[in-house]
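Hi,

Here is the structure I promised to pass on. Have a look at it first, and my notes follow below.

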Amino acid sequence: MTESPEDEERVASRAQLLPEEQAAGSEDPQHQAEEILHDSDERTEHPEETGDASTQTSTPDERPGP
């Protein structure tokens, strides 16, 4: 997969572990960052496909109106 410079910057920034991630440890922060950002992008681009699978996502009835 070819990444743009912006994507590389996002991954590099996210690869800097959060304190709780540092405490838990990570064998490959770069790969972890790529996966986290990929999942986030999928949820952003296709919210109707990912909302049912998330325990942290509200139902359509619970969401505020436009």
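How many salt bridges does the count come to? The count comes to 3, where a salt bridge is a side-chain nitrogen of Lys or Arg within 4 Å of a carboxyl oxygen of Asp or Glu. Before I go through them, a word on what you're looking at. This is a predicted model, so local features need pLDDT of at least 70 and side-chain atom pairs count only at pLDDT 80 or more, while totals for chains, interfaces and linings use all residues. Residues are numbered from 1 along each chain as its sequence is written, and side-chain values use heavy atoms, with hydrogens and water left out.

The overall picture

The chain has 4 helices and 0 strands, giving the pattern α-α-α-α along the sequence. Helices (H or I, at least four residues) and strands (E, at least two) are DSSP runs, numbered from the N terminus. Of the 66 residues, 11% count as buried; buried means under 20% relative accessible area, exposed over 50%, and partly exposed in between, with a 1.4 Å probe and protein chains only. The chain exposes about 5600 Å², and carbon and sulfur atoms supply 48% of that area. Those areas come from the Shrake-Rupley method with a 1.4 Å probe, and for residues only the protein chains shown count as cover.

Two bridges around Arg-10

Arg-10 pairs with Asp-7 in a salt bridge at 3.9 Å, N to O. Both sit in helix α1 (residues 5–14), 3 residues apart, or about one turn of the helix. Arg-10 also forms a salt bridge with Asp-41, where the closest N and O atoms are 3.0 Å apart. That pair links distant parts of the chain: Asp-41 is in helix α3 (residues 29–45), Arg-10 is in helix α1, and they are 31 residues apart. Are these side chains buried, exposed or partly exposed? Arg-10 counts as partly exposed because its relative accessibility is 33%. Asp-7 is partly exposed at 30%, and Asp-41 is partly exposed at 26%. Through shared partners, salt bridges join Asp-7, Arg-10 and Asp-41 into one network.

The bridge between Arg-14 and Glu-21

The side chains of Glu-21 and Arg-14 meet in a salt bridge at 2.6 Å, N to O. Arg-14 is in helix α1, and Glu-21 is in helix α2 (residues 19–24). Both residues are buried; Glu-21 counts as such because its relative accessibility is 14%. Glu-21 also has a side-chain polar atom 2.8 Å from the backbone nitrogen of Leu-18.

Contact here means heavy atoms within 4.5 Å. Leaving aside residues up to four places away in sequence, Glu-21 touches Arg-14, Ser-26, Gln-32 and Ile-36. With its neighbours within four places likewise set aside, Arg-14 is in contact with Glu-21, Ala-33, Ile-36 and Leu-37.

How α1 and α3 pack

Two packed helices are described by the angle between their axes and the distance between the axes. The axes of α1 and α3 come within 8 Å and cross at roughly 115 degrees. Axes are lines fitted to C-alpha atoms, for helices over the stretch in contact, and angles run from 0 to 180 degrees between N-to-C directions. On the α1 side, Arg-10, Val-11 and Arg-14 meet residues of α3, including Ala-33, Leu-37 and Asp-41.

Cheers

Key. A polar contact is a pair of N or O atoms within 3.5 Å; within protein, one must be able to donate a hydrogen and the other to accept it, and residues adjacent in sequence count only if both atoms are side-chain atoms.
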